[in-house]
Amino acid sequence: MIFLKSIRCNGMLFGPFNSFSQMRWKKPVVSAQTRLETRTKDLKLDKHMTHINKLKTILHIHQLMSQRKRGPFVSVQLMSRWRNIVGLNVGMGAFLHKYPHVFKLFEHPFRRNLCCKITQRMRSLIDEEENVVKEHEAELVQRIKKLLMMSRNGTLHVHALRLIRGELGLPEDFRDSILRRYSKDFRLVDLEIVELVDRNESLAKAEVEKWREQEYIDKWLSEFETSYAFPINFPTGFKIERCYREKLKNWQRLPYLKPYESKEVLKVSTCGGTERFEKRAVGIIHELLCLTVEKMLEVDKLAHFRKDYAIEVNVRELLLKHPGIFYLCTKGSTQTVFLREAYSKGCLAMSNPIYVVRRKMLDLILLGCRNTRSMEDVEEIKEERNGSVFRTNGEGRIDGDWVIPILESYDQNAFGSLGENREINDSKQPFDGRGRDD
């Protein structure tokens, strides 16, 4: 007869069959959520993502403002209704005052309500991006062709391309300006499916393969080491656990079906096992991120390519398994994946023309309320050269913005006589270059 003895210590009962002792030996569950919570954060990429979210919000507000047909300005009272649409956690008025280099606030001359419009500097950058997109249209065609070549049947849903239009740098009307215009390369099967007409084998080379060739030449590594390897760049503070180096080394040597290698049936058995099937998915996501402008993409948008690319795995868990290749950022309302090798100190290592323009927009936003005095001086000089009538108060705000539109309603004789009177008045009082009386 076995007697089990329990020891009472500080009012707690310890023994082999109580709940406390059983909970101690329970194996911890490793899931995508636990990997996300325990991952090593990259503070520079998190900060960069915060700035990008501000730029996206401002561009969304500009898009809503451009849809108004009454004029290039919108009342702040109406814009306050867009707060939930653009996802602001502060008032619209407070948000507009934070970025005077982007938004210009003024009082309507008749209704006497506060209105807002985009500044000339921000508008010129938006127009510059549209011009750059038109100039590099041939590169955009190659990007779409490479996306179609990676798909299982050479087809993609137009809706999926529309979701990542900004990430790919495509124009807003890409369906008519690119897909319909280049009929030798693309064919619209129906309203929502685009098919590749001619497969160009010269484009069937992934960006990671170019890196492998460079590594083979520069570091004198063997072909066995570089044939299927990926560039690994762990974040600062990443702790390498026991046996992790050996597992990573074996995974780097593991053969897999490359993104542009066509195969009709793509399953775990045809790819050579679960690990090779997952490595193929890593290669496709890696190439998809390389085709984007800023080497980043929202995780939710990747789900729209799973069927066409035959990625039958948990995408978020796959990204978290490879912290040296991808970084999953949780800043903002959605999760965004970054390609780690493409970034250095929080900035894109290899820039492109579209990224350069967007970086200028970001620098304009990061100015905040700094250098506003010099901006107002430049506007005053421009208005003086254009012949507008204005005055400045003690805070530097400009009044009389609506004088020229009102005077345009008069006939030419009346406007000429007014100009003569103004020249007489200007000759009596000396005028400096800043629009103030001496």
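Me: Why is Glu-298 called buried?

Reply: In this predicted model, Glu-298 has a relative accessible area of 15%, and the term applies to anything under 20%, so Glu-298 counts as buried. The residue lies in strand 9, which spans residues 296–298. Leaving aside residues up to four places away in sequence, Glu-298 touches Lys-56, Thr-334, Gln-335 and Thr-336, where touching requires heavy atoms within 4.5 Å.

Me: Which label does Lys-295 receive, buried or exposed, and what makes its backbone worth noting?

Reply: Lys-295 has a relative accessible area of 17%, and as this value also falls under the 20% limit, Lys-295 is buried. Its place is the loop between helix 16 and strand 9, and its phi is positive, at about 55°, although Lys-295 is not a glycine. Cys-243, in the loop between helix 13 and helix 14, likewise is not a glycine and has a positive phi, of about 65°.

Me: What makes Asn-233 partly exposed?

Reply: The relative accessible area of Asn-233 is 32%; buried would need a value under 20% and exposed one over 50%, and therefore the label that remains for Asn-233 is partly exposed. Asn-233 lies in the loop between helix 13 (223–226) and helix 14, and, not counting residues up to four places away in sequence, Asn-233 touches Pro-323, Gly-324 and Arg-340.

Me: How do you know how helix 7 and helix 20 are oriented towards each other?

Reply: The axes of helix 7 (residues 120–135) and helix 20 (residues 353–366) cross at roughly 170° and come within 9 Å. Angles over 145 degrees count as roughly antiparallel, and therefore helix 7 and helix 20 are described in that way. On the side of helix 7 the contact is made by Arg-121, Met-122, Leu-125, Ile-126, Glu-128, Glu-129, Val-132 and Val-133, while helix 20 contributes Pro-353, Ile-354, Val-357, Arg-358, Lys-360, Met-361 and Leu-364. By class, the residues of this contact divide into 10 nonpolar, no polar and 5 charged.

Me: Why does helix 3 receive another description against helix 20?

Reply: The axes of helix 3 (residues 43–66) and helix 20 come within 10 Å and cross at roughly 95°; the range from 65 to 115 degrees counts as roughly perpendicular, so helix 3 is roughly perpendicular to helix 20. Helix 3 makes the contact through His-48, His-51, Ile-52, Lys-54, Leu-55, Ile-58 and Leu-59, and helix 20 through Arg-358, Arg-359, Met-361, Leu-362, Ile-365 and Leu-366. These residues divide into 8 nonpolar, 2 polar and 3 charged.

Me: What makes the second largest pocket a pocket rather than a cavity, and what lines it?

Reply: A pocket is an open set of points, whereas from a cavity the probe cannot get out. The second largest pocket contains about 1,000 Å³ of space and is lined by 31 residues, of which Arg-35, Tyr-244, Leu-320, Lys-321 and Pro-323 lie nearest its centre. Helix 14 (244–253), helix 16 (274–290), helix 19 (315–321) and strand 10 (326–329) each supply at least two residues of the lining, and helix 14 gives the most, with 5. By class, the lining holds 17 nonpolar, 5 polar and 9 charged residues.

Key
Residues numbered from 1 in each chain as written. Predicted model: local features only at pLDDT ≥ 70, side-chain atom pairs only at ≥ 80, totals over all residues. Heavy atoms only, no water. Axes fitted to C-alpha atoms, helices over the stretch in contact; angles between N-to-C directions. Helix = DSSP H or I, 4+ residues; strand = E, 2+ residues; numbered from the N terminus. Parallel < 35°, antiparallel > 145°, perpendicular 65-115°, else oblique. Nonpolar A, V, L, I, M, F, W, Y, C, P; charged D, E, K, R; others polar. Buried < 20%, exposed > 50% of the residue type's maximum accessible area, 1.4 Å probe, protein only. 1 Å grid on protein atoms, 1.4 Å probe; cavity = no way out; pocket = protein on both sides within 12 Å on 5 of 7 lines; lining within 4 Å. Points joined across faces, edges and corners; volume = space filled by probe spheres on them.
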